[in-house]
Amino acid sequence: MRAFDFDHTIYCGYSYRDFVFFTAARRPWLWLWIFPAMVVGILKLLRLIRMERVVEWMLFPFLRFRKIDEYIVRFWDKHEKKVGQWYKDIRREDDVVISATPAFFLEEICRRLGIKTLIATEIDRKRGKVVDPYCYREGKLKRLRMALGDDAELDAYYTDTPKDSTLLEFAKEGYIVKKGKITKVR
């Protein structure tokens, strides 16, 4: 079994950021959220809040309108083309996507790609809260074990960053993907 990070790995770019701009272009009032988002960004840079709180703040306005699921489908209709051809060429039935991006946002594209196992950040959509453990860095391995069991093994892990060292070291082989170019790192 192989696991893949999603943003900047399978997807060329950061998908949720693209979704924010896609949605704000159709719902201009969302641009007002830029000011609180800037404050949250500064607090994160100063290490005064954890990444989970940043995610919650960034999701807040998007979880408040009724048609978010329709927007997600429309977004992927337009942005599915940003899925790397390199991944489509090597895709297998047992591939796993493991991402810090919210699961509710990635479910549609994983369905379209035929990816049956998605391990991503779970969000309590009513409260707008990240469900622990947050699927980020060390949390990715915790989520993987929660989903597939403590005896789960990865033949390979593909990511865009060495900061995903927990899964890079856990997998038998590790790969860094930059703009569709794959480099074996272990």
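The protein contains eight helices and eight strands; helices (H or I, at least four residues) and strands (E, at least two) are DSSP runs numbered from the N terminus. Its radius of gyration is 16 Å, close to the 16 Å that the globule rule gives for 186 residues, so the protein is as compact as a globular protein of that length. The radius is taken over C-alpha atoms, and the rule is 2.2 Å times the number of residues to the power 0.38. The model is predicted: local features need pLDDT of at least 70, side-chain atom pairs count only at pLDDT 80 or more, and totals for chains, interfaces and linings use all residues. Residues are numbered from 1 along each chain as its sequence is written, and side-chain values use heavy atoms, with hydrogens and water left out.

**Overall dimensions, surface and charge**

- Along the principal axes, the C-alpha atoms fill a box of roughly 45 × 35 × 30 Å.
- Of the 186 residues, 46% count as buried; buried means under 20% relative accessible area, exposed over 50%, and partly exposed in between (1.4 Å probe, protein chains only).
- The accessible surface comes to about 10200 Å², and carbon and sulfur atoms account for 56% of it. Areas come from the Shrake-Rupley method with a 1.4 Å probe, and for residues only the protein chains shown count as cover.
- Among contacts (heavy atoms within 4.5 Å) between residues at least 6 apart in sequence, 58% join residues at least 24 apart.
- There are 37 positive and 27 negative side chains, and the centres of the two sets lie 6 Å apart. Lys and Arg count as positive and Asp and Glu as negative, while His and the chain ends are not counted; each charge is placed at NZ of Lys, CZ of Arg, CG of Asp or CD of Glu.

**Aromatic pairs**

- A search of the whole structure finds 23 aromatic pairs. Rings of Phe, Tyr and Trp (its six-membered ring) pair if their centres lie within 6.5 Å; planes under 30 degrees apart count as stacked, over 60 as edge-to-face and the rest as tilted.
- Phenylalanine 4 and tyrosine 158 form a stacked pair, at 4.5 Å centre to centre with 10° between the planes. Phenylalanine 4 belongs to strand S1 (residues 2–4) and tyrosine 158 to strand S6 (residues 156–159), so the pair ties together parts that are 154 residues apart in sequence. Both phenylalanine 4 and tyrosine 158 are buried.
- Phenylalanine 19 and phenylalanine 62 form a tilted pair, with 6.2 Å between centres and 50° between the planes. Phenylalanine 19 lies in helix H1 (residues 15–26) and phenylalanine 62 in the loop between helix H3 (51–59) and helix H4 (68–79), so this pair ties together parts that are 43 residues apart in sequence.
- Phenylalanine 19 is buried at 0% relative accessibility, and phenylalanine 62 is buried at 4%.
- Ring pairs link Phe6, Tyr11, Tyr16, Phe19, Phe22, Phe62, Phe75, Trp76 and Phe105 into a cluster.

- Leucine 30 is placed in the loop between H1 and helix H2 (34–45) and is buried, with a relative accessible area of 5%.
- Not counting residues up to four places away in sequence, leucine 30 touches Thr23, Ala24, Pro61, Phe62 and Phe65. The C-alpha atoms of leucine 30 and phenylalanine 62 are separated by 8.3 Å, and the two residues are 32 apart along the chain.
- In helix H7 (residues 138–148), Gly139, Lys140, Leu141, Arg143 and Leu144 are buried. The buried residues of H7 pack against strand S2 (96–102), strand S3 (117–121), S6 and helix H8 (165–170).

**Backbone features**

- Most residues other than glycine have a negative phi, and most peptide bonds are trans.
- Aspartate 132 and proline 133 are joined by a cis peptide bond, with omega about -5°. Proline 133 is found in the loop between strand S5 (129–130) and H7.
- Histidine 8, in the loop between S1 and H1, has a positive phi near 65°. Histidine 8 is partly exposed, with a relative accessible area of 38%.
- Lysine 179 has a positive phi near 50° and sits in the loop between strand S7 (173–178) and strand S8 (181–184). Lysine 179 is exposed, at a relative accessible area of 83%.
- Glycine 149 follows H7 and has a positive phi near 100°.
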